[in-house]
Amino acid sequence: MLRGIALLMLVSLMVSCDGQTVKSAYTPTNNGVWHKDSIIQFNFSGLDTVQPFNVFINIRNDQTYPYSNLFLIAELQSPLGDLVRDTLEYEMALPNGEWLGSGHGSLRENKLWYKENIVFPASGVYTLKVSHAMRKNGQVEGIEALEGITDVGYQIEKINP
């Protein structure tokens, strides 16, 4: 009986894992508020230098997020010091106000495309930095405290041949 339960748990675990994710991490914001000067940093290494990957930025938001979109600044630095900086815009809600992403209740998770079919050619530690770049229309200064973003993360998935 115990062996049957263990086997069932093992099969469930194997089925629930997609096998594509090779790196993933999250960092919580400060009580659901992302300060404009708060740069969230992830370091990762140990990736195949020939295999192509897809990279995502993952955002968790709750119902207090007041906007339908999100502007981000993402910087990816290689172990050799090469730096790629991107300004990104993502839709977070439909025009009718319905939240995009997955989840139930007040918390939503959005898996946002960052880099597609990228090869990490050098061995060593890569650094991904993410900050928000939200501004109110007509204002130069950024939004000081962006409410409703609870966690920021990244995910790297290998691409099947």
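Biologist: How many aromatic pairs does the count come to?

Modeller: This is a predicted model, in which local features need pLDDT of at least 70, side-chain atom pairs count only at pLDDT 80 or more, and totals for chains, interfaces and linings use all residues. Residues are numbered from 1 along each chain as its sequence is written, and side-chain values use heavy atoms, with hydrogens and water left out. Rings of Phe, Tyr and Trp (its six-membered ring) pair if their centres lie within 6.5 Å; planes under 30 degrees apart are stacked, over 60 edge-to-face and the rest tilted. By this rule, the count of aromatic pairs is nine.

Biologist: Is W99 buried or partly exposed?

Modeller: Buried means under 20% relative accessible area, exposed over 50% and partly exposed in between (1.4 Å probe, protein chains only). Y65, at 3%, is buried. W99 has a relative accessible area of 22%, so this residue is partly exposed.

Biologist: Which residue of strand 8 is the bridge partner of F42?

Modeller: Strand 3 (residues 40-44) and strand 8 (residues 126-132) run antiparallel and are joined by five bridges, where pairing requires at least two DSSP bridges. In strand 8, the partner of F42 is L128.

Note on methods. Helix = DSSP H or I, 4+ residues; strand = E, 2+ residues; numbered from the N terminus.
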